[in-house]
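Dear colleague,

I am handing over the structure that we spoke about, so that you can look at it beside your own notes. Please open it first and then read on.

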Amino acid sequence: MPIPMQLGEKPGLVVTAFGKTTARPCKSSWHTASTSRRENRTAVHSTKRIVCDTASAATKKRQSLKKDKPPPLPTPQSHQQTVQRSFTLGGVGLHTGEYSFVCVRPALAGEGRYFVRVSPGTNAPDFRPETPQLIHHSELDIERGAEDGVSDDDRGQLYLQYLEAVDNKRFSGNFGDYIKDRYGDPTDSFWMDLMAQGPPEDATARVEEGITASVDYAESYLGAATMLSNETYMVLSPEALLSALEACGVDNARIEIEGGGDIDADGDVIGNVSPLLEVPVVDGSALGWVLEIQKAGLRDAMPSSGGSSSNDTARMANAPQEMITVTKGDSFISFYPGLTPKITAGVDFSGEADIVGKQWFTWSPAETSSIDNFDKHYRWEIAPARTVLPSISAAEDMYASGLLRAGPDDCCLVGNGDSWYDPALERFPQEEAARKAVADLVGNLALSAKSGWRGMPQGHVVAYKASTDLQLQFAKAMNAKAGEWAYANADC
């Protein structure tokens, strides 16, 4: 069912999500620096999903696909998994302002998740952003009769689900936002991309040194992001990607990254290549990565080195039997032993951003294993949450310290007292900052994963105002004592 987009400034025109611009109340240093890249960046922030498709042939194909069921949401299992086929995303890095392309490929059991730098042009041709364009409303396929394959009964059921979600305080927004949040924006092109995918790909044994996504190779980058490094290059801001892989059950993956420079109109990297490569920010959340994982699909990871027993592919997790706490000032992260993995994160922007204030949110992958808890899947509860900055001045301070070179427009929620600098970016009216804190913590805990195991420990992790430095300190403290603990089967 096509969803009408927001109206543009000119009467009768619709602006695609990739080309949408918003009036800004000020022009700070980061805003001015990012203006010259705005057109390309907003295009690359997209994840190849076409917002408005007006071709009649494509419309007929969409109508036929509406009867198909969507692919299952990717979930962890008791055995190790990898992606069914590779996928590529490209975009700009939030802190470096430089373009890169990331391709996630299948890997063998026991290899875990690791990054490999590849030469420019290896995967970039697989990603081509759509060009922003204005489309007249008369060109949009917005007819909503039974002839478009969606009956009145179907719409009625969706609307009842929406009302129930609002009543139970699981959703805040209008009906159109509810459809977009649950099924993508739009759903049709998502399934068209899915149907166009090829056969599953074979995983090849790891031969390059690369950088294992491990806390052993991790450090904080200017206190604002995680950085993995070896002797020749560094990978910055992998948290959102690793968070999505961990939560969706992609235990083993070869992650190819290329770029470290600017790109031309064709998407090719130009200029000097930096040893620092930053994972694309996409839209400031983990949602783009989750959607690509869902389209790629999951499969059992094949044993490496000729192994064949179930022990070679079992998915395990650390099961500490003691409490662990790291602190810094009034910030802390504590672990409490338990039977299932669970994360609770709290933030406090009181006095700095009244629109945020104090927030807490709890999420557990164990709650998504039942079909009755479909709505609690990472894809709905955590992945859409964007990075939150308390104020415009805080964004300017980050820029002055060498961060935020791409600017926060279109990917960060920036507080402005009791409102948002751009309210249209808000996805969770009550706990977006806390949900994003959960997402980042899942990503950094993924660095504790051992040989295709789960990174999240068996128990409850509670974090309050936890910075990147504190999260990495906690992950390293967990790893330092891992040899003293028992292991548990990780089926979620």
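What follows goes through the strands, the helices, the aromatic rings and the cysteines in turn.

Please keep in mind that this is a predicted model, in which local features need pLDDT of at least 70 and side-chain atom pairs count only at pLDDT 80 or more, while totals for chains, interfaces and linings use all residues. Residues are numbered from 1 along each chain as its sequence is written, and side-chain values use heavy atoms, with hydrogens and water left out.

Strands and sheets

Helices (H or I, at least four residues) and strands (E, at least two) are DSSP runs, numbered from the N terminus, and two strands pair if DSSP finds at least two bridges between them. Buried means under 20% relative accessible area, exposed over 50%, and partly exposed in between, with a 1.4 Å probe and protein chains only.

Strand 9 (residues 225-229) is mostly covered, since five of its five residues are buried. Ala225, Met227 and Ser229 lie on one side and Thr226 and Leu228 on the other, and both faces of the strand are covered. Strand 9 pairs in the antiparallel sense with strand 8 (residues 218-221) over four bridges, and Leu228 is the bridge partner of Ala218. These two strands form a hairpin with three residues between them, and Leu222 in the turn has a positive phi of about 55°. Strand 9 also pairs with strand 10 (residues 234-236), again in the antiparallel sense, over three bridges; here Ser229 stands opposite Met234, and the hairpin that strand 9 and strand 10 form has four residues between the strands.

Elsewhere, an open sheet of three strands has the order 20-21-22, with mixed pairing. Strand 20 (387-389) and strand 22 (419-420) stand at its edges with a single partner strand each, so one side of each is left without a neighbour in the sheet. Strand 21 (residues 412-416) and strand 22 pair in the antiparallel sense over two bridges, and Gly415 stands opposite Trp420 in strand 22.

Helices

Helix 8 (residues 287-296) has ten of its ten residues buried, so it is largely enclosed by the rest of the structure. Among these buried residues are Glu292, Gln294 and Lys295, as well as Leu287, Trp289 and Ile293. Gly297, which follows helix 8, has a positive phi, near 80°.

Helix 12 (residues 468-480) has 13 residues, which at 1.5 Å a residue should span 18 Å, and its end C-alpha atoms are 18 Å apart, in agreement; the expected span is 1.5 Å times one less than the number of residues. The buried residues of helix 12 are Thr468, Leu470, Gln471, Leu472, Phe474, Ala475 and Met478. What covers them includes strand 8, strand 9, strand 16 (324-328), strand 17, helix 11 (432-445) and strand 23, where contact means heavy atoms within 4.5 Å.

Aromatic rings

Rings of Phe, Tyr and Trp (its six-membered ring) pair if their centres lie within 6.5 Å, and planes under 30 degrees apart count as stacked, over 60 as edge-to-face and the rest as tilted. The structure holds five aromatic pairs. One of them, Phe332 with Tyr464, is tilted, at 5.9 Å centre to centre and 35° between the planes. Phe332 lies in strand 17 (residues 331-337) and Tyr464 in strand 23 (residues 459-464), so the pair ties together parts that are 132 residues apart in sequence. Phe332 is partly exposed, with a relative accessible area of 26%, whereas Tyr464 is buried, with 16%. The rings of Trp363 and Tyr378 have their centres 5.6 Å apart and their planes at 65°, so this pair is edge-to-face. Ring pairs also link Phe332, Trp360 and Tyr464 into a cluster.

A charge sits over a ring if NZ of Lys or CZ of Arg is within 6 Å of the ring centre and within 35 degrees of the ring normal. Arg206 lies over the face of Tyr114, at 4.1 Å from the ring centre, and Arg405 lies over the face of Tyr399, at 4.2 Å from the ring centre.

Cysteines

A disulfide is a pair of cysteine sulfur atoms within 2.5 Å, and the structure holds zero disulfides. Cys103 is buried, with a relative accessible area of 1%, and Cys248 counts as buried at 0% relative accessibility.

With best wishes
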